[in-house]
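Here's a quick tour to read with the sequence and the 3D view open side by side. Start with the sheet, then move on to the loops and the rings.

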Amino acid sequence: RDSARRHAGACAGRVQPRARRLASARVGVMFESVTETVSAFVGSALGGPPPRGLPALHPVARLSPRVVRVLGGNPGAFTLQGTNAYLIGTGPRRWLLDTGEGKPAFVANLRAAMTAEGVTELEGILLTHWHLDHVGGVAHARRLARELSANDKNEKERRPLIAYKRVRRDKGETAIDLDCLRSEPNVDARVALAETFRAYGEIRDGDVFDSVPGATLRALFTPGHTEDHVCFVLEEEGAIFAGDCVLNGNTAVFENLVAYSRSLETMRAELERAKEKALAKSSPPTSTSSGLPPVGRLYPSHGDVICDGVRKLEQYARHRETRDSMFRAALVENWRSRPERGGVTISELTRLVYRDTVSPLVLFTACERIAAQHLKKLVEEGRVIREERKRRNAFFALVPRRIVELAPSLFAETRFRPAPAEMTAAT
C-alpha cells in the first residue's frame, strides 16, 4: 500500500503540479469547492417547490431499448422533478450520465435500475457540467457500482471508475493522467489516482465513447449554461442528452447568452442532420418497427423526454428573442416615464420584467443573472448604453468627497438606458 501511495503521488504531481507547489492553489481549490457547494445548497434548499403542472416521473423509467432514466430525488424550483441521470447501453456494462446531488433516493433509484436491467458494472461516469446537482453523486455511484460489480470478487480485475467531464483547470479541477493510470500495476494506486476529489478524465469536443454494447456517444461542446457544458449525441438513436441546455418544464439559466444561443443552434443543426440521415435510409425517420424511438429526441437533465427536439430548440430560441424584446421595452418605458433616474440597474430591470411571476429567491438569483446577460448582449449590439453613476441615496450624499475619491466604485452604480436609435425605433 505504501508503494501504491508513492506511485499515485508521483502521478498526481503530473496531474496537478500547482496544487502541490503552491499553498494558495490548495486554498483556491477548497474555496471553489466550498463556494460552489454553498451556492448549490441555497438553490436546492431554498429555491422552493417545482413549478405547478409538471407530470409525475417514475423514479426509474426505460425510455428506449438503450436509455434508462434514474431520478435524482432532488425536486425543486430549479431542478423541476429532480435531476435526471441516465444508464446508457444494452448489456451488463453501461455508462452512467450525471449523478444527481447524491441524495439517498438517487442511490436507491440507481440500485433499482441497475438490478432491474441486469447491470453489474459501470463503464464510467459522463458528466455534462460542474453543477452540484450533476456531480454531487459521483462518490455515491462509485460505492454502489463497487458493491454490485461482479469483478469486485476478483481483486486483480477491479477497475477504477473514472468520471469524465470538460475540466475547469482555473476552478481547481484536474485532468487525470490516463497514461499514468494505464501503466500503474497496483490496483489501489489506480483507484486512488482515478478517484481523486475533483479529478476527471478530460472530455473534448467530438470525443467518442463506444466501449459498451448498444451505445455510441459523441461529445458535443455546448458552452453557455456553464463554461464547461457538454451534451452527448447518441448516434444509434439520432438523439442528444441535452444536460441543462434544454429543460422540459421551464427555461434554462446561462452564464453567457451569446455562447448559449450558439449552442442551441449547434444542437438544432445536429438533430436536423440526424433526421436527414434517417430519411435517406427510410421514410418516415423512425425505427418504430424495431422498437426504437423516433429520431430527434432530447433527453434533458430536468423534466420528461422531449420527442421533437428541433421544435423545442426553436421554441427556446424564440423565447430568448421575446425576452430580449421585453427588456428593451422595459428600458424604453422607464426612460420615457422617469428620465431623471438616468436609467435602471440590473436589479430594477429584473423586477420590472419578472415581478409577480417567480419567487423572490428565483428573482434575485436566476432571473437577475438572465437580465445581466441580456443587458450585456444589448450593450454589445449598441442598443443599450451602460453608465456608471453616483448612487442616488440619501446616505451616500452625506459621504465626504475625499472618501468617495478613494473608493469610487463603492459609491457608484451601473445603470442602463436605451440608445437613441432604440428610442426612435420604439416611437
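Thr-128 is a handy place to begin: look for this residue in the loop between E5 and helix H5 (132-135). Keep in mind that the model is predicted, so to speak only of local features with pLDDT of at least 70 and side-chain atom pairs at pLDDT 80 or more, while totals for chains, interfaces and linings use all residues.

- Thr-128 is buried, with a relative accessible area of 0%; buried here means under 20% relative accessible area, exposed means over 50%, and partly exposed is in between (1.4 Å probe, protein chains only).
- The side chain of Thr-128 makes a polar contact with the side chain of Asp-98 at 2.9 Å, and another with the side chain of His-134 at 3.4 Å.
- A polar contact is a pair of N or O atoms within 3.5 Å; within protein, one must be able to donate a hydrogen and the other to accept it, and residues adjacent in sequence count only if both atoms are side-chain atoms.
- Leave out neighbours within four places in sequence, and the contacts of Thr-128 include Leu-97, Asp-228, His-229, Val-230, Phe-232, Gly-243 and Ser-301. Contact means heavy atoms within 4.5 Å.

**The sheet and its helix**

- You'll find 8 strands in an open sheet with mixed pairing, in the order E1-E2-E3-E4-E5-E6-E8-E7.
- Strand E1 (60-64) and strand E7 (174-175) sit at the edges with a single partner strand each, so one side of each has no neighbour in the sheet.
- For the terms: helices (H or I, at least four residues) and strands (E, at least two) are DSSP runs numbered from the N terminus, and two strands pair if DSSP finds at least two bridges between them.
- Strand E5 (residues 121-126) pairs with strand E6 (residues 163-165) in the parallel sense, over 2 bridges. Ile-125 is opposite Ala-163 in E6.
- Helix H4 (residues 104-117) packs on the sheet and touches E1, strand E2 (67-71), strand E3 (84-88), strand E4 (93-97) and E5. The direction of H4 makes about 155° with that of E2; axes are lines fitted to C-alpha atoms, for helices over the stretch in contact, and angles run from 0 to 180 degrees between N-to-C directions.

**Aromatic rings**

- How many aromatic pairs does a search of the whole structure find? The count is 9.
- One of them is Trp-95 with Tyr-164, edge-to-face at 6.0 Å centre to centre and 75° between the planes.
- Rings of Phe, Tyr and Trp (its six-membered ring) pair if their centres lie within 6.5 Å; planes under 30 degrees apart count as stacked, over 60 as edge-to-face and the rest as tilted.
- Trp-95 is in strand E4 and Tyr-164 in strand E6, which puts the two 69 residues apart and makes the pair a link between distant parts of the chain. Both Trp-95 and Tyr-164 are buried.
- Trp-95 also pairs with Phe-209: the centres are 5.5 Å apart and the planes are at 80°, so this pair is edge-to-face.
- Phe-209 belongs to strand E9 (residues 208-212) and Trp-95 to strand E4, so the pair ties together parts that are 114 residues apart in sequence.
- Trp-95 has a relative accessible area of 2%, and Phe-209, at 8% relative accessibility, counts as buried.
- Trp-95, Tyr-164, Phe-209 and Phe-232 make up one aromatic cluster.

**Charges over rings**

- Lys-165 lies over the face of Tyr-200, 5.4 Å from the ring centre.
- The charged end of Arg-166 sits over the ring of Phe-221, at 3.7 Å from its centre.
- A charge sits over a ring if NZ of Lys or CZ of Arg is within 6 Å of the ring centre and within 35 degrees of the ring normal.

**Glu-227**

- Glu-227 is in the loop between strand E10 (215-221) and strand E11 (230-234).
- Is Glu-227 buried or partly exposed? At 36% relative accessibility, Glu-227 is partly exposed.
- Not counting residues up to four places away in sequence, Glu-227 touches Arg-168, Asp-170, Lys-171, Phe-221 and Glu-255.
- The side chains of Glu-227 and Lys-171 are joined by a polar contact of 3.4 Å.

**Two positive phi values**

- Leu-80, in the loop between E2 and E3, has phi near 60°, a positive value in a residue other than glycine. Leu-80 is buried, with a relative accessible area of 0%.
- Asp-98, in the loop between E4 and H4, has a positive phi near 65°, and at 0% relative accessibility Asp-98 counts as buried.

Note on methods:
Residues are numbered from 1 along each chain as its sequence is written. Side-chain values use heavy atoms; hydrogens and water are left out.
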